[in-house]
Amino acid sequence: MQALPDPPRRKAIVNVGRLVAPGGTLLAIAARHTPDDKTGPGLPWPLHQEEIDAFATDGLTVHTSSG
């Protein structure tokens with residue numbers, strides 16, 4: 001997702017969750033955007049929290065971790 005511009009990034013995020021089988025798990029490992037980030041013009045573009053939350057479709061829930 002981090003290599004996609006918007007659009008189609010937001011639509012792709014929503015559709016990824018639909019590929020997960022009932023009871024399945026989607027593991028997304030990505031850089032997360034924080035307010036103090038100084039994002040340059042290059043890839044990868046960090047995910048904003050609302051984009052991370054958008055993975056939660058069709059019964060999926062979001063659990064975030066930093067580490």
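## Leu 27 and its setting

Leu 27 counts as exposed, at 70% relative accessibility (exposed means over 50% relative accessible area, buried under 20%, and partly exposed in between, with a 1.4 Å probe and protein chains only). The model is predicted: local features need pLDDT of at least 70, side-chain atom pairs count only at pLDDT 80 or more, and totals for chains, interfaces and linings use all residues. Residues are numbered from 1 along each chain as its sequence is written, and side-chain values use heavy atoms, with hydrogens and water left out.

The loop between α1 (9–17) and α2 (49–53) contains Leu 27; helices are DSSP runs of H or I with at least four residues, numbered from the N terminus. Between Leu 27 and Val 62 the C-alpha to C-alpha distance is 9.8 Å, at a separation of 35 residues in sequence.

## Salt bridges

Side chains of opposite charge can pair when their charged atoms come close. A salt bridge here is a side-chain nitrogen of Lys or Arg within 4 Å of a carboxyl oxygen of Asp or Glu, and the count comes to 3 salt bridges.

Arg 9 and Glu 51 form one of them, at 3.1 Å from N to O. Arg 9 lies in helix α1 and Glu 51 in helix α2, so this pair ties together parts 42 residues apart in sequence. Arg 9 is buried, at 4%, and Glu 51 is likewise buried, at 4%.

Arg 18 pairs with Asp 58, with the closest N and O atoms 3.8 Å apart. This pair links distant parts of the chain, 40 residues apart: Arg 18 is in the loop between α1 and α2, and Asp 58 is in the segment after α2. Arg 18 is partly exposed at 48%, whereas Asp 58 is exposed at 62%.

Asp 6 and Arg 10 also form a salt bridge, at 2.6 Å from N to O. Asp 6 is partly exposed, at 42%, as is Arg 10, at 42%.

Notes: Helices (H or I, at least four residues) and strands (E, at least two) are DSSP runs, numbered from the N terminus.
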